[in-house]
Structures are given as C-alpha cells and as structure tokens.
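Q: Could you walk me through the strand and helix packing here, and then the surface?

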Amino acid sequence: MNDVVRPVMQDAVAAAPTRVDGRDKVTGRARYAVEHPVEDVVWAWPVTSTVAKGRVTEIDASEANGTEGVIAVLTHANAPRLGETDDAELQLLQSDRVAYRGQVCALVVGETVESARAGADAVRVRYDEAEHDVVLDARHPAMFTPEKVNPGFPTDTSIGDPDTAFAVAAVQLDATYTTPTEHNHAMEPHATTASWGADGTLTLYDSNQGSTGVARVMADLFGLQVRAVHVISEHVGGGFGSKGTPRPNIVLAAMAAQAVGRPVRLALGRQHMFSLVGYRTPTIQRLRLGATTDGVLRSLVHDVWEQTSTLDDFAEQTAVISRMLYAAPARRTTHRLVRLDVPTPSWMRAPGEAPGSFALESAMDELAAACDLDPVELRVRNEPDVDPESGKPFSSRNLVACLREGARRFGWEQRDPTPGVRRDGRWLVGTGVASSTYPARTAPSQARMSIGSDGVVTVELNAVDIGTGSRTALTQIAAEAMDLPTDRVRLRIGDSTLPPAMIAGGSMGLTSWGSAIVKGARQLRELVGRRDGAIPEDGLEVTADTAEEVRAVSGYARHAFGAQFCEVRVDADTGEVRVPRLLGVFAVGRVINARTARSQLVGGMTMGLSMALHEEGVVDVQHGDNVNHDLAGYHIAAHADVADVDAMWLEEHDEHLNLVGAKGIGEIGIVGTAAAVANAVHHATGVRVRDLPIRVDRLLGRG
Amino acid sequence: MSGSVTVARSLDQALDALRSGPDARLVAGGTDLMVEVNAGRWQPGTLVSVDRAPELRGWHRDGDEIVLGSGLTYAEMERGELARLVPALAQAARTVGSPQIRNAGTLGGNVVTASPAGDTLPVLTALDAVVQIAGPEGTRISPLREFVRGVKRTDLRAGEVVTAVRVPALRGAQEFLKVGTRNAMVISVVMVAVVVDLDGHTVRVGVGSAAPVPVRAPLAEEYVGALVDWERARMDDPTGEVAAQFGELVAQATSPIDDHRSTAAYRRRAVAVCAARAVRRAFQEPESP
C-alpha cells in the first residue's frame, strides 16, 4: 500500500494551465455539431409516438406535406432500410411497432427548423394501441435474471453462506432503498449535421463521446465501409454517458440526407431527450447487513431489481459496488431485470455505483447507528486487505485516508451522533458521511505522434473533449512526455479518421488516451535519439497502440476512492432541505490538471446533490409517459441549491495503473453524495429517507 | 408555415393589430407563451408584440393608488421605490425564474396567464388589485378576483389588452413566502402573501398554488384583525398560538391537489406554516437601532 502524503491544495488549482480552448468557447468561435457551415442545408424534426405500446396503423402526412417549407416526411413505409447493429434503438423507422411512448414514428424534413417542426405538428398518426406496462415492481412476474450486467460483470455473485451468517449476526439491518428514473441531459442536445458526398461517402458533424464507435455503427447501418464514414466531433457540449453511443439523431439525419439529397441538420428538442437518449433505470435495492456488536460485517447481501425496455436488455450494475467496498466473509449480490414498455435505459454518470452507493452507504449509516458506532469508524473497521471477491491486492486503496482527512477538515470529531437534536432557529442541523469509489480502468487506444523539423510535435488521436478539459490535459501529457513546453505541442482530436481511441466514458478517457500519448512520445523520442536529434525535412512519425499494455493485466484490483461529508439544514416546519456544506476528499492517482480535475469532482458532487434532493422522472402510469419531460418539471439543482461544494485529493502514487498513473475522475464525484445527504438529513431530523429524491412531503410525511 | 409579428409601438397599434383576426395573440416577455410553443400546445400565428408600447411600461402613483403598467417586468418590481411601496410584490418578483426571465417576464403576462402558480397573484389578491383593460369597446376595469376565473382562464375578451393593474398604497408590513422543490427557478408548491393595512385595520392574505385560483382567507383575516393592537401595530402573541391558529384558518380556505410536485396534505401544512410565519414577521418588533 502506498503512503499518503499531503492533500493537494488550492495553489495547485491556481497554478494549473487554463483550458486551451477556453477562449474559443467563450467567444463562440468553437463550433458544435449543428453550427458548422454547410451549403444547401435543411433541417429535420422527429414525430414521436403518443402511445406506449402498439402498432402504427396509419400515418397521414398530407397536411404536413402541404405545410410551407416541408420537403419530405419519412415513415416506416418509405424510409431507407438499415443494416443490423446490436442497438435495437437505432432501427429507426424500420417497422410499425411502438415499444414506448416517445419513440420516433416519423421524421419531417423542412427548409428551416421551424418548417420541419410545423410539419411534424401536422403529421397525424393512428395506432392500434395495446395495454402498456411501465411500472417497476420487485414482485413483477416477468422479472428475470439477465445474462450479465453492464458492461460485462457477472449478474450474481456469492461467497460463503450469507443467509446463515445474517441469521446468526448479533446486529442485523434489513432495509430496502429506491431510486427513481433519472435523466442525463447535457447542455448541448444530441445533434448532427449529415451530408452525403457524390462518391457515396457520409460526413457527419455529431455530438458524441467518441466517434470511432459511432463511425463503425453508422457504416453497419448504412452498408458502408468504415472509411466511407467521417464523423467530426470537434467540440461537444457535455454527455454524462448519454452520448457514449450513437443516438437516433445521427441515424435520422443521415437517413433524411439520403432521402432528400441535401445535407440535413437535426438537433433533438429537450423533450425528445426524455425518451430518445437513454436514462438511468429506477432501482429497488434490498440491503441485508449482518454484523458483530462492534460493527464488523459478517454478511453483506445486496439484491437489485431494475427495468429495461422490450427492445434491448440493459442491466445497470447497481450492486457491483458491494462486491469490493467492504470486507465480509459471507456475501452475495444479485440483479433482476424486467422488460417494460419504456425506452431502453443506458449509461448515466457512474452507472451502477451512483444508485448502488445510495443504498449501500445509507445502510452502512443505519448499521453504524445500530452498533452505536461513529460512521467513519464503522467503515474503517470493515476495510478489506484485498479485493473481497477476487482476492486480488488493490493497486492502491486510500479510502481510510480519505475518511480521516475529510473528517479532520470537516470538523467531524466534535459530532454528537444523536439525531434530531441540533437546532438553529427554525433549522434542524445535521451532518453525514459516505464513501465514494469507482473502477480505475484503461482501454486500448492509438496515437499518432510526429515531430517536424521545427521541433513542433503533432499529436493525433480520436479522443474527444466533451467539456471536461481533456484537450488541455492531453496537451499537458504530451508536452511532459516530450519534455517540451505546451506551446510546442499541437493536438488533433474529435475526428473518426484519426487513430482509433477510447470514448470519453467510464472515467477511462484521459487514462487511455494519455497512455497512448506517453507510449507514442517514448517511441518518438527514441527515434529522434537514434538520429542524434537530427530531424529530417519531412519530420518523423510514429503510431503507438496500447493494446498490449492494456492486455498485460498485472493482477491488481484497481479502483479510485473518496469520502464525502455533508452538512444539511432542514426547516423543521416545512421540511425544506438546504445543503450549506459538501466536502469530498478523493484518492485518484495522479492528477494531470488540478483546475479541470477539481471541476470534474465538484461537478460530480453537484450532480449527486441534485440526485439526492431533486431528480425524479415521474411515471405517468395511465399514459405510459414521463409526467415531467422538460427541465421546468425535471429539476436539477439550481445555483441557489449549491452553496459550498469543495473537492480535494490526496497525493497518490500508483505504479500499477497505466502509463499516466491516473485513475480517472469523471464519475467518482457523484458516487456516495446522495447517501451523504440522506445520512445528514437523518442526523438532522431523525427521519431516514430510503427513497430518492428527499422530497419535502416525504420528509414531513414520515416525521 | 405562415405567421407574422406586429411590433406595436403604442396601445392603439396593439388594439388595431388584434382586430386582424381571432387567432392574433399578444406577446410581451414571452416567458409563458414560448413554453406553450415549445410544448407544441400553440403554434405561432399572428403575434402582436407589446413590449415597445409606452402606455404599458413602468408604474406611477395615482393618489392613494399605484398604477402598475402591464409591461412592468419582474426586474423592475424587484428594486427601487416600487419595492419600498409594495414590498410583497418585490419579494414575489425576486422568486421568479432566473435574472434573464425576470428581465423579460411582465406583470401583465402573469395576470393574463392566470396560472394557479402565478407568483405575483397571491400579492395582487391580498391587495384587492383591479385590472385595467382596453378593448374595441373602450376601457373597463375588472377586480382581480373576478378577472381570474379558473386555471388559466380569465375574463379577458377578444381584442382586449390588459393595460395596468391598480393596487392601493398601504401603510403596514407586507410579506411573501414561497415553498418550492428547489431553491430557485421553481414552480411553487405553495405561496402565501400577507399584507397589513394599518389605516384600514385589516390583515389580508393571498394564497397561491393551493386552489385553482388564488384565494383569500376571510375567516383568518377577521380572526387576526380582531387581535391586533392597531394603535401600536403589534400582535400580542407570546406563545405563537395566534399565528398558528391564523395559519390553520388560512389552510382551511384552500383546496389543494396531489400532483408530481407535492401532495395536498403537504400543501395544506406548508400554507399553514407560511401564513403563521408571515403574520409573525409582519408584526414583529422593529429591530433596535
């Protein structure tokens, strides 16, 4: 285990380079998917189903076709046929079947976005409607055991005899927690500009988290060679997982461009995004913790029930966090899934760990109370020596250090554990803690590196900056690896014709891309060294591929860790919850850019705060719809909800990760936050909220 | 798609433009109208923009009354002399949307939209506001309690424009409280406005988001009005019982519903809490200098 040195402080943030594309973004020079100038371009707008299950019996486009500016109306009857891929959500306009409310059943192409929308409003769709089933229930008769959980974990795991160990445990906690449907909406909607060349090539300006895969899927759908598809994603306005795979916008734009013979722009409307770009499944989670009176876990069982669509099985890996966070000799995790008449759920920031940590870390807080133990101390007592399920050593594991450092900085030592006794005027005050963790993974990527006779290094790989600052951090990594100042490095990313690379997802972007750059830099310096530094007129070039390094698994369990501390104030009369203080202390390996890293961690924690207090997709049982399918109804935290959110990290050196020495930070910030808030609410009020979000009426209703 | 926008530079131009057809609609800040457009509930046809009609802008004193132009923005209500004269309206305006929304949205729009959650309506209701209307038949007035007829339904007739809202300039404290599911940019769960009239010896309360239309609570108003020491402008309530009873009576005047934002039971409770809190604040001892 590595020694933890000092926490990294504000001066590191101040000293970090600012974003290399910051000026372009704030001045509007940075172009997003539907902003690139394209000649003769037209717009498309989808028509979506107004029933949740059934068949389309008739689409009357006569009025739409007569609408001024409308060029074409595509439906399953006349749309181009698509090839097969493994994403059934992309088989757009291929059949009359309606699998959920909000599914695309027609597409209107117009000279302007306004005419396309007006045309879409004029399309009349008739259905043969079937009875729908949209409510997740753990006792649903159609619950089944999925083959695996995202992205490839075993569905169930079991060690020892957790039932007997639980039955004989001196302290038993058996509680069920729920999280609602949650939506991940980036500021820039899913958007594409598509144009076909005379030679049959397809050019796509698209908003996504990685265009290498997008190009491959589009080639399969349209029967093209991958090299005939060119996807450009120079700037992307956020993703949060929802742009990790191609979404209907890119397929529809390409279909429309093919059908009308002109370039087409399509930016989904905010309301489309509630059904067309994935979301986080609601979860029902039962936690059974059996412990000794001094809080040592003897049994840990985490059972999960969640939903998918009738089109595709997506099983969020909700209980996976319970496989590695704490020691327990007997343990079990299970996932059960039911196919409902709903859109297919998908990746949303920290799939698995985000909802799973709410249940596990709330249960740990309940167990601490049951054992009359401090919640920090309880976690320390259950710290494992090795990864509990695989038996592998951790490459580094500094959860305890994060808990201790956070407790010290937060002023945890003076905490009176009694719930519901601190009052400041009308406010009940409480504090809570939760652990954070996220896997530290690296995926194969390639990078092409060249050096010119002027000494300038050009780095090319199909990475993407979705707003996180990766363009800046990769420039730093390349400069450091080449031992050059950053202004001698030119970075090209966001283009599918560049060497293939990992998506910006799974907190694996920077580590995967950075590793390819470090390897490429080593090769390039060696090449330059062999020529004694003499660079020929036309330069030198190498292409590095990290497939081998990534394959050479070194037998370690690799995870990032953290601890989040939260103070809440609850209005004793109205139940309104305010969060004046949120502190996260993380151990994430090497941090490349303290400024953008802090922003990622604070952003994740803010999203976790939002998950705790606001986010809830409300199901309309009668119509099979989302009740609140816009951002006026689906609330995320507003500025006024976010007071003092601070993130810091411990200096951590881990040799067993990747060539960069980093663990990835995109997701860990959201893990544990909701539990820390709920635990603080319990400390403040004595009310244990096991169902997110922590709504005022729920809080008072059970007080 | 056919559509047109007439930019009216005077009230008369606006009235003329409205005569062009029954589908013509007024737009000022557009903060409600554009939501309807985006939700596909209304397709822009003939729009008459009134944000440049000077007769509708600003506010002025008229004897004991204040005449609030229908084009008065939330941002204009928030500060300055008007905020001192009608503090509850300023408090309500500050809770609306974001600064961008408050720069665009108008009082007239809030009144004409007549949403149960219209943020200024509890204040205007407590103040017994009167709506001034111009139309093809000339001008008329309509008390707000008659003007708002139901959820998003008003007494406004074809071709008419709300030109102003008249409220009394009162001596006495005013309070506005709102509970929402987040701390800003939120459609209210409940709202309560309490207005004290030291000269008329009345306490008036307006409640929003707790019934199809903003409501008053006459029993509560009479109850607390009888217990106020009007000479000293104080309410003798050492144990808080009077405020609590006032809150209960206000809650009884409401008829809230369950929806995705909250429950009827919670709304009733929150109305009682807010009303009690507002009346306590309205009569609390002034801070010592």
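A: Helix α12 (residues 470-482) of chain A lies across β19, β20 (457-460) and β21 of chain A, and runs at about 135° to β21(A). Contact here means heavy atoms within 4.5 Å, and angles run from 0 to 180 degrees between N-to-C directions, with axes fitted to C-alpha atoms, for helices over the stretch in contact. Helices (H or I, at least four residues) and strands (E, at least two) are DSSP runs, numbered from the N terminus. This is a predicted model, in which local features need pLDDT of at least 70 and side-chain atom pairs count only at pLDDT 80 or more, while totals for chains, interfaces and linings use all residues. Residues are numbered from 1 along each chain as its sequence is written, chains are lettered from A and ligands numbered from 1 in the order in which they are written, and side-chain values use heavy atoms, with hydrogens and water left out.

Q: What is the strand order in the open sheet of 4 strands in chain A?
A: The order is β21-β20-β19-β22, with mixed pairing, where two strands pair if DSSP finds at least two bridges between them. β21 (489-492) and β22 (540-545) of chain A are the edge strands, each pairing on one side only, and neighbouring strands are turned by 15° against each other on average, direction ignored.

Q: How many bridges join β19 to β22(A)?
A: There are 6, between antiparallel strands, with β19 covering residues 446-451 of chain A; A:Ala447, for instance, has A:Ala544 in β22(A) as its bridge partner. Helix α13 (residues 509-530) of chain A also packs on this sheet, where it touches β19, β20 and β22 of chain A and makes about 145° with the direction of β22(A).

Q: OK, switching to chain B: which strands make up its open sheet of 5?
A: They are β4-β5-β10-β6-β7 in that order, with antiparallel pairing. β4 (59-62) and β7 (138-143) of chain B each have a single partner strand, so one side of each lacks a neighbour in the sheet.

Q: And what packs on that sheet?
A: Helix α1 (residues 11-18) of chain B does, touching β6 (130-135) and β10 of chain B, at about 130° to the direction of β10(B).
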